[in-house]
Amino acid sequence: MSYVDGFVMAVPTANREKFLTHAREGDALIIEFGALRVVECWGDDVPHGKQTDFFRSVEAREDETVVFSWIEWPDKATRDAGMKKMMEDPRMADNPMPFDGKRMIFGGFAPILDLQG
């Protein structure tokens, strides 16, 4: 079964086009290094919760939009090798993040169920 990296971040709403440029360049590298698919999702219907929510998870401000992204890899070994290559690739230095990376949350996940219609 595949392996998935998930990300949630707060991106200044005014930086949407900068984010897309950053994502297109960075995501192309991720695909080059073995990912099967990269999906970037701009918050559209993200409710504020009473106890917790996506906004609080990344300390999103009023002028920011919550972005949810994931990378699908064929397996964890490919992911580990691909992420290592990406972090060492000098092209990443030329692609600064248009958001506060310190407030991004991320993690790797092993799928346990995959239903498809």
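Visitor: What is a salt bridge, and how many does the structure hold?
Guide: A salt bridge is a side-chain nitrogen of Lys or Arg within 4 Å of a carboxyl oxygen of Asp or Glu. Side chains of opposite charge can pair when their charged atoms come close. In this predicted model, the count of salt bridges is nine.

Visitor: Which residue partners Glu64 in a salt bridge, and is Glu64 buried or exposed?
Guide: The side chain of Glu64 meets that of Arg61, at 3.7 Å from N to O. The cut-off for a buried residue is under 20% relative accessible area. Because the relative accessibility of Glu64 is 7%, this residue counts as buried. The partner is Arg61, and Glu64 is buried.

Visitor: How far apart are the end C-alpha atoms of helix α3, and what span should its 13 residues have?
Guide: Helix α3 covers residues 76-88. At 1.5 Å a residue, its 13 residues should span 18 Å, and the separation of the end C-alpha atoms agrees with this, being 18 Å.

Visitor: Which residues of α3 are buried, and within what arc do they fall?
Guide: The buried residues of α3 are Arg79, Gly82, Met83 and Met86. Viewed down the helix axis, they line one face of α3, because their directions fall within an arc of 100°.

Visitor: Which elements do the buried residues of α3 pack against, and which exposed residues does the face turned away carry?
Guide: The packing partners of the buried residues are β1 (3-12), α1 (16-32), β3 (64-73) and β4 (105-109). On the face turned away from the buried side, the exposed residues are Ala77, Lys84 and Glu88.

Visitor: Which backbone nitrogen does a side-chain oxygen of Asp75 approach at the start of α3?
Guide: The side-chain oxygen of Asp75 reaches to within 3.3 Å of a backbone nitrogen at the start of this helix. That nitrogen belongs to Ala77.

Visitor: What relative accessibility do Arg79 and Asp80 have?
Guide: The side chains of Arg79 and Asp80 meet in a salt bridge of 3.0 Å, N to O. Arg79 counts as buried, whereas Asp80 is partly exposed. The values are 16% for Arg79 and 35% for Asp80.

Note on methods
Residues numbered from 1 in each chain as written. Predicted model: local features only at pLDDT ≥ 70, side-chain atom pairs only at ≥ 80, totals over all residues. Heavy atoms only, no water. Helix = DSSP H or I, 4+ residues; strand = E, 2+ residues; numbered from the N terminus. Expected span 1.5 Å × (residues − 1). Buried < 20%, exposed > 50% of the residue type's maximum accessible area, 1.4 Å probe, protein only. Arc of directions from axis to C-beta. Contact = heavy atoms within 4.5 Å. Polar contact = N/O pair within 3.5 Å; in protein donor to acceptor, adjacent residues only side chain to side chain.
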